[in-house]
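Please look over the sequence and the three-dimensional structure below before reading on. The notes after them are meant for someone meeting this structure for the very first time.

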Amino acid sequence: MTATPRLRELVLDGLSRSFGKQIALAALDLRIEGGEFIALLGPSGCGKSTALNCIAGLIAPTGGTIFLDGRSLDGTPSEKRGFGVVFQSYALFQHMTVRANIAFGLRMRRLPKERVAARVDQALALVQLEGLADRYPSQLSGGQQQRVAIARAIVIEPPLVLMDEPLSNLDAKLRLEMRTEIRRLHRELGLTTIYVTHDQEEAFSLADRLVVLREGVAQQIGAPDEIYYRPANPYVADFVGFRNAVAMTLERRDGYVGLARGRGLRASGRVSGVGSSGPVTLAIRPDDLVVGGPGENAFEITVDAVEFRGRSFVLEGLTDTGQRLRGTSAAAVPIGDAVTLRAPSDRVLLFTGAG
Amino acid sequence: MRRRLAAHGIDRALLLLLPAVAFVAVIFLYPFLYGLVLSFKPERYVGAFGNYQQFFADPFLRDTIAITLGLAVPAALFNVIASVPIAYRMRGAFRGKRLLIGMLVMPVTLGTVLIAKGLLTLLGARGWVNRALLDLGLVEDPVRFVNNYWGVLLTLVITGFPFAFLLTLSYLGGIDPMLERAAATLGAGPRQRFWRITFPLLLPGLAITFILTFVLAFAVFPSAVLVGEPAGETRVISIVAYRAAYEQFDASMASAIAMIMGAVQLAVVVIVLGVRGRLYRGPSGGGKG
């Protein structure tokens, strides 16, 4: 079952917000199509919540405009936008039952009583809370409260659903469950969703497109696999798990393939950026730097930390020039041993420019 | 055994409560019980309930209950109702907030007598306002602004409002501002956000605020004498208790009046708490289910 989205497009045109001299969000341009699931990803303080609050109408942008199907939302207060918002703290009304919480938005719209009741029942069924309609929020578990918050936001059939770190207060298992649930609701109800999170795994698994933010500036906008395999810069690379970063110098470049030296290491990899010489930042995921693995790049380290990861071990150690590297091994390695980590050059990224 | 007691929160640290318990017993419990017993041993009237019978038989005494309630209830209501919009506007951070709070709370430090003096200087028969009115020829005789019901009510508002305001402000601070934002995203305008979200959550706190300012106002004495009309319309219950004790030297009757005073206060408190319990429909305890 899929429904058609209630929104054609949402356009953020240079959306910015400053608090005094502090720039929380710098000129964000984004076009969201109806039915898309967009994740705003970044560490705390990167401006992702600011962007969400601007879209929700809870804070006024200091620059730029939001267009909903070509209509500017400038000066439209939150209560007139009709977007469904799920807050990190859930923000459930403690003095109302679950049913009254979910019905609130419909009652504000002055729907007849029978219609309200019918739609609340439908929403309760969607989030599987049928039996708890007459409880108060304080009598529910965290996961149940989260479901109420989601039901309350989607029962008004909003053109756009905004979620601000909705899963960050739940334990790991529940987080996975709710993730699937949110994705299911998004698809079944034909929602258009903007989802704010600092958890890259969550963003990758949920979103059609991601916006990686840093200090208010969008670093990269793209599909999950694009960002996962082709991060635009060392910052995004680090954020999406390229935990090895080494400052080197580019010696040769042939199209996308380059050769770099530095810190006593020599590496060939895929060059990202302009220029065929000068400083580069090498980036490799620990998963791609494997003891006894394939690849033309080889780095020898003396292991000083080993972490069990279930299927494999993550190793940490220093090269003889004192460069710290993280790699993977199928078998346990005793601390103090010297091992050679290998990586194929198509898994090695070289970012030109001082990173 | 000791461990089992400790599991119920009973351990040696509890002994630290002893001084406080002793203090309460000596300062409150003993005088209260002494007064209670004394009130049943009338000096001038017959029978154990003589004092009480006399109080309710004599309109001069009996009416003091209505007079005092007539002052304390409107004063407490006004203080609570006036503090809500002011505190509501002052939730956020803004320039000069501390100064404004300081100014609103200042009357607390003044004391009733000083406020009464100020009111007399300003609004008394020979106060500034009356002198101005007389000199301007607007009135023939001084206007009676104070030394009546309104003078006392005014002092009760001036002294009681800061308490009500501070309490309301802190109760409002305890309400998550995200709730109103959530309500806004669901289509609630500013009025609906206040009346449907903030106000119901604030109501239990307002009941407590009302009780505290009411009790404070019910014991009114200095201002009822200084800026009121102690023989007539501001003949509050504490005045007749004072007279019984220190003008008629009838400690027994004075004790009886004090007991009646306490009973009336208790009755109002119980009524307000009862209403509060009915108004707040949420569960009283937290607890996850």
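What follows is a short briefing, arranged by topic.

The coordinates come from a predicted model. Chain A contains 9 helices and 20 strands, and chain B has 24 residues in contact with 24 residues of chain A.

**Chain A as a whole**
- Taken along the principal axes, the C-alpha atoms of chain A fill a box of roughly 75 × 45 × 40 Å.
- Chain A has 355 residues, of which 44% count as buried.
- If one takes the contacts in chain A with a separation of 6 or more, 67% of them are accounted for by residues 24 or more positions apart.

**The barrel in chain A**
- Five strands of chain A form a closed barrel in the order β11-β12-β13-β20-β14, and the pairing within this barrel is mixed.
- Neighbouring strands of this sheet are turned against each other by 50° on average, with direction ignored.
- Strand β11 (residues 244-254) and strand β14 (residues 278-284), both of chain A, pair in the antiparallel sense over 7 bridges, and Ala245(A) has Ala283(A) in β14(A) as its bridge partner.

**The side of chain B that touches chain A**
- The 24 residues of chain B that are in contact with chain A include at least two from each of α10 (177-185) and α11 (190-218) of chain B.
- The largest share of this side of chain B, 7 residues, comes from α10(B).
- By class, the side of chain B that touches chain A is made up of 12 nonpolar, 8 polar and 4 charged residues.

**The largest nonpolar core**
- The largest nonpolar core has 158 residues, and those with the most contacts inside it are Leu40(A), Ala151(A), Leu162(A), Leu282(A), Leu71(B) and Ile257(B).
- The element that gives the most to this core is α11(B), with 10 residues.
- When residues up to four places away in sequence are not counted, Leu40(A) touches Lys48(A), Ala51(A), Leu52(A), Ile194(A), Val196(A), Val211(A) and Leu213(A).

**Two residues with positive phi**
- Asp69(A), which is not a glycine, has a positive phi of about 50°, and Asp69(A) lies in the loop between β4 (63-68) and β5 (71-72) of chain A.
- Asp69(A) counts as exposed because it has 12 C-beta neighbours inside 10 Å.
- Gln128(A), also a residue other than glycine, has a positive phi near 60°, and Gln128(A) is found in the loop between α4 (113-126) and α5 (142-154) of chain A.
- With 12 other C-beta atoms within 10 Å, Gln128(A) is exposed.

Notes
Residues numbered from 1 in each chain as written. Chains lettered and ligands numbered in written order. Predicted model: local features only at pLDDT ≥ 70, side-chain atom pairs only at ≥ 80, totals over all residues. Contact = placed C-beta atoms within 7 Å. Helix = DSSP H or I, 4+ residues; strand = E, 2+ residues; numbered from the N terminus. Nonpolar A, V, L, I, M, F, W, Y, C, P; charged D, E, K, R; others polar. Core = buried A, V, L, I, M, F, W, Y, C linked by C-beta atoms within 7 Å. Buried ≥ 20, exposed ≤ 12 C-beta atoms within 10 Å, placed from the backbone. Pairing = 2+ DSSP bridges. Axes fitted to C-alpha atoms, helices over the stretch in contact; angles between N-to-C directions.
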